[in-house]
Amino acid sequence: MTRVLLTLVAGLLPLGQAMAAETVNVITVDGMITPGIASYIEKAIEQSEAEGATALVIELDTPGGLLNATKDIVGSLLNAEIPIVVFVSPRGAWAASAGTFITLAAHVAAMAPGTSIGAAHPVFTGGGGPTPSPPLPGQPGGEESDSPPAVRDYRNEKAENFTAAFIESIAAERERNVEWAIEAVRNSVAISQSEAVKLNVVDLVADDLDHLLELIDGRVIKMGREQVTLHTKDARVVRVEMAPMDAFFALISDPSIAMLLLMAGLAGIYIEVQSPGLIVPGLVGVVSLVLAGLAFQVIPINWVGALLIIAGLALLVAEIFITSFGVLFAAGITSFAFGAYMLFRVPEISDLSVPFWSVIFPAVVVLSGFMAIVVFGVGRSFGRPQFSGREALVGQLAVSETDIRPQGRIRVHGELWNAESDEPIERGQKVEIVGVHDLIVRVREASGSAGRT
């Protein structure tokens, strides 16, 4: 009897182990697609493969991001050795731009109600204007026409063609709607979750994660040359958290955070320069600038925007020394605002940007208010008479301690000074200081209204 029980237990152990091994790892991507997010996804895939997870679910909500980071993520998804499920959620989320590429690259693509996908066209702003293309005979602008030559923006066209080919290859690999994918790039087409299912852009709509795991249970997907059946209905859900270093880089590589770090750094350094010895503003400024520098190593920047920021700061400083009745100050703030708006706009390789009204405008208002106080305060200090040093003695009233013929001594502010005068002055008489040379002051007899007290 005992032997029979042992045999049954031994037979049930592999089944129990198999059931216990059915786990689904889940990660959440909420925000811009940056190198920190790419590293997070790649490590999650590696961990899930090492643990033998049934699948990895990526809960996605993104407005876009860096093309290089997107390329790295797509490569990881296409070469993953476990099923990857991208779930655009929660309700109200979107898989825009870079998110469209990531969603299409998944083995299973799902969306929650009230979500959207698309608008993957690279948006260009400024720089590298359009180039006239040589027209063919018979076309407008050709030999048979007096019309101006057709204008083609080769830079924009090159980037558009590249991204269109990239998304076409992804959609074809996952057997999704190639035509729609190309339209999403070329014409910024965006659709809701219900349309996405009808057009074979995604596979299904699920209310939440539990509903998703129930719907994809038993689904057969293609993994390389093999067919794999998903067993997710009763799988254990394990949340894979982002590593501290990845979370740190993901935080500072957010354009809004990087912009605020830059402004905090500039403000801190400026305060320390104006009031040496405070230490704390200078320390905060240096740390903020170092963190901003790390962010700029990750985020591509527009050098036109950077130059505008530098020019704006130079104009704000110039306002302190040049009387322009606020013209330089207004020009500096305007230049700084435009520079901040353009700083992260590098549309050839990124969708990253800083919201103007929610981030840039409040930050510029605070900075301009701070700078206005500084400019006003420093400007007023320039207009005040000097009250320390030898130059401050000029114009002061003093009393002669001895006869000055032509040299003697005077007392001013409780101090004795050697003095000289072109005219004889009697002891005890009031004198006015008219100059200072080395440690000798030149004086003259004070008139009734001369000098300062």
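Which element gives the largest share of the lining of the largest pocket? In this predicted model, the answer is strand S11, which contributes four residues.

Let me stay with that pocket for a moment. The space inside the largest pocket comes to about 400 Å³. Its lining consists of 18 residues, and those nearest the centre are His 107, Glu 173, Arg 174, Ile 221 and Lys 222. Two elements each supply two or more lining residues: helix H5, spanning 154-173, and strand S11, spanning 220-223. By class, the lining holds eight charged, seven nonpolar and three polar residues.

I turn next to a pair of helices. Helix H9, residues 244-252, packs against helix H11, residues 280-298, at an angle of about 90°, and their axes are 9 Å apart. H9 is therefore roughly perpendicular to H11. On the H9 side, the contact is formed by Phe 248, Phe 249 and Ile 252; on the H11 side, by Leu 291, Leu 294, Ala 295 and Val 298. This contact has seven nonpolar residues, with no polar and no charged ones.

Finally, I would draw your attention to Ser 400, which is found in strand S14, residues 397-400. Is Ser 400 buried or exposed? Its relative accessibility is 2%, so Ser 400 counts as buried, the cut-off being under 20%. Setting aside neighbours within four places in sequence, Ser 400 is in contact with Arg 409 and Ile 410, and also with Ile 425, Glu 426, Arg 427, Gly 428 and Gln 429.

Key. Residues numbered from 1 in each chain as written. Predicted model: local features only at pLDDT ≥ 70, side-chain atom pairs only at ≥ 80, totals over all residues. Heavy atoms only, no water. Axes fitted to C-alpha atoms, helices over the stretch in contact; angles between N-to-C directions. Parallel < 35°, antiparallel > 145°, perpendicular 65-115°, else oblique. Contact = heavy atoms within 4.5 Å. Nonpolar A, V, L, I, M, F, W, Y, C, P; charged D, E, K, R; others polar. 1 Å grid on protein atoms, 1.4 Å probe; cavity = no way out; pocket = protein on both sides within 12 Å on 5 of 7 lines; lining within 4 Å. Points joined across faces, edges and corners; volume = space filled by probe spheres on them. Buried < 20%, exposed > 50% of the residue type's maximum accessible area, 1.4 Å probe, protein only.
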